[in-house]
Amino acid sequence: MSGILTYALHYEGAFNKNSLGAVSEGAKLANEIGGDAAVVVVGDPAELTDELCGTLGKYGAAKVYRANAPEGLGAPVVDVMAKVIADEGYAYALFGGGLLGFEIGAGLTARLNAGVTMEVTEVHAQDGKLVAKRPILQDSAVVDVDYVGEPGVIIGRLNAFDIKESGDGTAEVIDVDVELAEHSTRARMVQRGEQRGADVNIEDADILVAGGRGLGKKEGFDLCTELAGAFGGNSAVAATRAVVDAGWYPYSAQIGQTGKTVAPKLYLAAGISGAIQHKVGMQSAENIVAINKDSNAPIFEFSDLGIIGDLNKILPKLTEAVKAKKAS
Ligand SMILES: Cc1cc2nc3c(=O)[nH]c(=O)nc-3n(C[C@H](O)[C@H](O)[C@H](O)COP(=O)(O)OP(=O)(O)OC[C@H]3O[C@@H](n4cnc5c(N)ncnc54)[C@H](O)[C@@H]3O)c2cc1C
């Protein structure tokens with residue numbers, strides 16, 4: 001077995017950013033261990049044109065396997081990837097994380113009786129094989145995981161892999177005929193859409209201003225919205241489960257174990273205690289800034305910058321400072 005197979009999720013004429021990170025990483029690693037860098041795409045061929053699929057070559061993909069099957073659901077993609085791996089013998093399947101990546105990766109692992117590593121933050125080649133790094137014990141240690149058999153399944157943390165343009169944009173597109181398993185036809189997509197906070201998709205935002213119970217009431221979120229508005233551009237508002245359960249902010253903005261996983265450049269947490277169930281959804285942010293009036297709040301243990309004080313005073317001042325900086 002050789003080479004690496006990834007999966008690219010498509011929506012309205014473009015491939016998802018997290019998928020493109022996995023495609024780039026797969027191409028880099030295939031170069032190191034040998035074999036093709038290939039991508040599976042699943043959906044309506046009228047949308048997944050040769051031209052669109054071919055663009056995956058820009059990210060280093062040599063081959064794109066295209067299957068006409070329902071898009072956006074995990075089980076049909078598992079059928080397609082399992083067939084491609086059985087027919088073509090790819091040594092690893094690599095995913096960029098996110099809910100669908102976890103679902104497909106887990107399904108493929110079970111189907112192929114493969115070894116799997118999840119929440120991976122880095123992958124490197126060693127003696128022609130792949131070794132995945134994954135943090136453990138609440139990120140206090142990192143372990144190296146290798147695979148005793150092939151194929152191996154690697155599931156990254158959301159946005160763990162950078163998007164890199166490396167090829168000439170001419171991946172070979174190969175149509176695959178797959179008979180879906182009976183259980184893969186039991187669910188169907190009723191509607192697809194993007195969840196947006198303000199007018200930015202939370203999972204793609206560069207800056208997230210997140211609010212917790214410390215905001216005191218529903219209207220407290222205005223302070224977060226104003227700050228996100230001052231940052232402008234690719235900024236959005238996020239929330240903890242405590243406040244979405246209280247009806248202060250929509251569920252679509254919930255970050256954490258039972259919400260979304262995000263990895264923005266800046267995560268500003270206002271009035272959030274830092275419970276483990278919240279932490280798992282935002283710990284990959286490049287910079288974490290926390291505002292909390294309790295100096296013993298757990299969130300300070302994993303923040304890059306901590307501000308101890310009343311958010312009702314600090315947030316408006318931050319908003320003014322950001323506006324002044326932008327105007328200067
Ligand atoms: C199975 C399970 C799944 C869960 N999934 C999730 C999940 O996906 N996401 C999630 O977020 N939670 C989740 N939770 C809940 C989680 O355990 C916490 O209860 C929740 O994250 C707490 O939210 P919070 O930080 O907003 O509130 P709190 O824990 O009440 O913290 C509020 C913070 O605000 C501070 N504060 C108060 N007033 C001010 C002020 N004026 N200025 C500054 N700071 C102030 C306080 O000091 C405190 O630290 C889950 C729980 C379980 C059991």
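The structure is a predicted model, in which local features need pLDDT of at least 70, side-chain atom pairs count only at pLDDT 80 or more, and totals for chains, interfaces and linings use all residues. Residues are numbered from 1 along each chain as its sequence is written, and side-chain values use heavy atoms, with hydrogens and water left out.

**View 1. The largest pocket and its lining.**
The largest pocket is lined by 32 residues. Those nearest its centre are Leu9, Asn16, Leu100, Arg192 and Glu203. Two or more lining residues come from each of β3 (14-15), α1 and α4 (98-112). Helix α4 gives the largest share, five residues. By type, the lining divides into eleven nonpolar, 14 polar and seven charged residues. Here Ala, Val, Leu, Ile, Met, Phe, Trp, Tyr, Cys and Pro count as nonpolar, Asp, Glu, Lys and Arg as charged, and the others, Gly among them, as polar. A pocket is found on a 1 Å grid over the protein atoms alone, as an open set of points where a 1.4 Å probe fits, with protein on both sides within 12 Å along at least five of seven lines; lining residues have an atom within 4 Å of a point. Helices (H or I, at least four residues) and strands (E, at least two) are DSSP runs, numbered from the N terminus.

**View 2. The open sheet of seven strands.**
The strand order is β7-β11-β6-β1-β4-β5-β12, with parallel pairing. Strands β7 (115-120) and β12 (172-176) stand at the edges with a single partner strand each, so one side of each is left without a neighbour in the sheet. On average, neighbouring strands of this sheet are turned by 20° against each other, direction ignored. Two strands pair if DSSP finds at least two bridges between them. Four bridges join β7 to the parallel strand β11 (residues 152-156), and Thr117 has Ile154 as its bridge partner in β11. Helix α1 (residues 17-33) packs on the sheet, where it touches β1 (4-7), β4 (37-42) and β6 (92-95), and its direction makes about 175° with that of β1. Helix α3 (residues 74-88) lies across β1, β4, β5 (63-67), β6 and β12, at about 165° to β1. Axes are lines fitted to C-alpha atoms, for helices over the stretch in contact, and angles run from 0 to 180 degrees between N-to-C directions. Contact means heavy atoms within 4.5 Å.

**View 3. Strand β6.**
Both faces of β6 are covered, with Tyr92 and Leu94 buried on one side and Ala93 and Phe95 buried on the other. In a regular strand the side chains alternate between the two faces of the sheet. Buried means under 20% relative accessible area, exposed over 50%, and partly exposed in between (1.4 Å probe, protein chains only). Three bridges join β6 to β1, and the two run parallel; Leu5 stands opposite Ala93. Four bridges join β6 to β11, again in parallel, and Tyr92 has Gly152 as its bridge partner in β11.

**View 4. The open sheet of three strands.**
Its order is β8-β9-β10, with antiparallel pairing. Strands β8 (122-126) and β10 (141-146) stand at the edges with a single partner strand each, so one side of each is left without a neighbour in the sheet. Neighbouring strands here are turned by 30° against each other on average, direction ignored. Six bridges join β9 (residues 129-136) to β10, where Lys133 has Asp144 as its bridge partner.

**View 5. Helix α5 and Leu311.**
In helix α5 (residues 221-231), the buried residues include Phe221, Leu223, Cys224 and Leu227. The buried residues of α5 pack against β15 (207-211), β16 (235-239), α6 (241-245), β17 (266-270) and α8 (311-327). Just after α5, Gly232 takes a positive phi of about 65°. Leu311, in helix α8, is buried with a relative accessible area of 6%. Beyond its neighbours within four places in sequence, Leu311 is in contact with residues including Leu215, Leu223 and Ile291. Leu311 and Leu215 are 96 residues apart in sequence and 7.5 Å apart in space, C-alpha to C-alpha.
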